[in-house]
Amino acid sequence: MNALHDRQALAHHRVALPTGLLELTLDDGAGEADALLGFAARANAKRGFLFLSKVLGKHWPVTPASMLAIHERLAATVPPVPGAVVFIAMAETAIGLGQGVFEAWLRAHPGQPALFIHTTRYRVGNGPLIEFEEAHSHAPRQFLHLPTDPLLHALLLQARTLVLVDDEASTGNTFLNLSQACQRLNPGIERVHLATITNFMGAAATAALGARFGLPVSMGALVSGEYRFTPGDYSAPAGQAQRFDPDADRGASPRFGRLGLAGALPAAETLAARLAGEFAPGATVLVLGTGEFMHASLLLAAALERRGVDVKVQSTTRSPILVWGAVSHALRFPDNYGEGVANFIYNVAPGQYDHVLVCHESVVGPALRELAGLLDARLFHFLREDHVEEVPVR
């Protein structure tokens, strides 16, 4: 009876948030749900709750090894398919997750052609792009650039399998919008696989995905269930979280996935070896990605971890979240891409780590210097996959 009671308790959550009431019923993965996610409240008029992932490396500090293990597990959910496969990661939160899943899948399928590309909220170059909507987001405009490299462009058009990666599926609407945009570009797509840490669409909606997409759809998720949210009296503060200007150069790099990649990013091993030699034994280190620039920072953190450094990794974000529940601390600062919107770091306090390494793709300006000052951090500008420059800030 006690075991049955415990399973029932793990499967049902009723969480009173400052923004409303969240009720969650888990069908699969309830035993590890607490290790994978917490509950938080968004300062967002469209959606007042957040399933805060503890293994994503965005809002919660996590060890590189834990993140890489999640990538391996989600990559293993992709069913065997012939031919080229296109992996698309959803900006901003799941870019690092998607790139890690892609690289894990490549390791398991050597020789099979595949393309990784991630959506973005920035314009890169003057090439063609497609736009789709993430309706529930506070920054709903999403863009997918088409590869300018002829070989990568051909992979995109030849692929018959589309793998879409996000940290969470709650309605499937964003996946559907992106899938339809990709099908207009490549009518030869025959199947779609969705890979998510959590799937809260519910069993019936998940089973109906094929009918909605007009294609066979498979789902790979570590935790599955269904939720209901009843909004309370909370009023989110006004403010823009996205200011897209098609003519503005925000310093977003074309080299790390926005224009496509057919292979894994190399880790900054030389930099990791130098830094590991500088840190005192037992020193704690945070490697911090910035905005959409996430995966290279994970690879640097993993290289430090392999050298015995006590290291965590996470990233800044444009998502406004209240200090409550799974968010115990919040820092606010200007965005380093120059949009003029607020950015945040959650669950990191000044002085918490002995060393903070900020990894960025944009040039150093006042925003990055302010961020470095908040955390007494060092700045590392990733100019190319194999070229990283430390920018003096002290």
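The briefing below takes up a pair of helices and then a group of aromatic rings.

This is a predicted model, in which local features need pLDDT of at least 70 and side-chain atom pairs count only at pLDDT 80 or more, while totals for chains, interfaces and linings use all residues. Residues are numbered from 1 along each chain as its sequence is written, and side-chain values use heavy atoms, with hydrogens and water left out.

**Helix packing**

- The axes (lines fitted to C-alpha atoms over the stretch in contact, with angles from 0 to 180 degrees between N-to-C directions) of helix α3 (residues 64–75) and helix α10 (residues 295–306) come within 9 Å and cross at roughly 120°; helices here are DSSP runs of H or I with at least four residues, and strands are runs of E with at least two, numbered from the N terminus.
- Contact, meaning heavy atoms within 4.5 Å, is made by P64, A65, M67, L68 and H71 of α3 and by L298, A301, A302 and E305 of α10.

**Aromatic rings**

- The structure holds 13 aromatic pairs, where rings of Phe, Tyr and Trp (its six-membered ring) pair if their centres lie within 6.5 Å, and planes under 30 degrees apart count as stacked, over 60 as edge-to-face and the rest as tilted.
- F49 and F51 form an edge-to-face pair, with 5.4 Å from centre to centre and 65° between the planes.
- The rings of F51 and F200 form a tilted pair, their centres being 4.3 Å apart and their planes at 50°.
- This pair links distant parts of the chain, since F51 lies in strand β4 (residues 50–53) and F200 in the loop between β10 (191–199) and α7 (203–207), 149 residues apart.
- Ring pairs link F39, F49, F51, F200, Y227 and F229 into a cluster.
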